[in-house]
Amino acid sequence: MTEIVLMSDPKVAAVPVQECGEPLVDVRRDSPLLVDERKWQDSAGAFAHLRAGVLDRLLTAQAQLPQAMRLLFVEGYRPPSLQRHYFDEYAAQLRAEHPEWTAEQVRSAASRYVSPPEIAPHSAGAAVDLTLADVDGHELDMGTRMNATPEESAGACYTQADNINDAARSHRHILSTALTAVGLVNYPTEWWHWSYGDRYWALETGAAAAHYGPKELD
């Protein structure tokens, strides 16, 4: 397995942002994507937004899936304040479990699962958490639940994990093939997390700058 660059790596934060000004769009209104209901308690509907260019790519990817499969969208945009809450909460959990760790060790370990707020792809509207479903919207076996931590899944949440069954491995390959083909990149510690146009994407693809920076929902 190639070495994984974590979100906390200074190389990610060093990538410049040339904000293109592309709008956030609501995938519930502007696309035929299947949208999971687990985040619908978000009254502002922030979770259902993505940059327009990212949504276009998802629709192209969906058209490349086998006929019996659909993308199931779970979460896109995440306000910076919510991202900070998620990161701090997980970091506090790790700090309590590993009191011997330094602050940098805590930050690095936390970034396997939640991006540091200042560079978070979700807060730029550039990232999407998604999975595969059948035509009726029932989730397919991907080896772990979405948002499983490295601790609870014994590392099976890593995209290239070898402690998953053949069906899950096949489904991950199908998802990866479709999304990679349209230019998205995966965060290797989370099989469900894909992005386009953010700093992590730029670093992974060799782009000179990110297209999307942190943004507030209008």
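Let's start with how open a residue is: buried means under 20% relative accessible area, exposed means over 50%, and partly exposed is in between (1.4 Å probe, protein chains only). Keep in mind that this is a predicted model, where local features need pLDDT of at least 70 and side-chain atom pairs count only at pLDDT 80 or more, while totals for chains, interfaces and linings use all residues. Residues are numbered from 1 along each chain as its sequence is written, and side-chain values use heavy atoms, with hydrogens and water left out.

**Salt bridges overall**
- You'll find nine salt bridges in the structure, where a salt bridge is a side-chain nitrogen of Lys or Arg within 4 Å of a carboxyl oxygen of Asp or Glu.

**Around Asp 26**
- Asp 26 and Arg 29 pair up through their side chains in a salt bridge, at 3.3 Å from N to O.
- Asp 26 is buried, at 3% relative accessibility, whereas Arg 29 is exposed at 66%.
- There's a network here too: salt bridges link Asp 26, Arg 28 and Arg 29.

**Inside helix α4**
- Helices here are DSSP runs (H or I, at least four residues), strands are runs of E (at least two), and both are numbered from the N terminus.
- Helix α4 covers residues 80-97 and holds both Arg 84 and Asp 88, which sit four residues apart, or about one turn of the helix.
- The side chains of Arg 84 and Asp 88 form a salt bridge, with 3.8 Å from N to O.
- Arg 84 counts as partly exposed because its relative accessibility is 40%, and Asp 88 gets that label at 38%.

**Inside helix α7**
- Asp 166 and Arg 169 are three residues apart in helix α7 (residues 166-181), so about one helical turn separates them.
- Their side chains meet in a salt bridge, at 3.1 Å from N to O.
- Arg 169 has 34% relative accessibility, so it counts as partly exposed, while Asp 166 reaches 63% and counts as exposed.

**An annotated residue**
- Which residue does the UniProt annotation "active site" cover? In the unreviewed entry, that label covers Glu 190.
- UniProt positions are given in the numbering used here, feature names are shortened, and annotations may be inferred rather than shown by experiment.
- Glu 190 lies in the loop between β6 (185-186) and β7 (193-195).
- With a relative accessible area of 5%, Glu 190 is buried.
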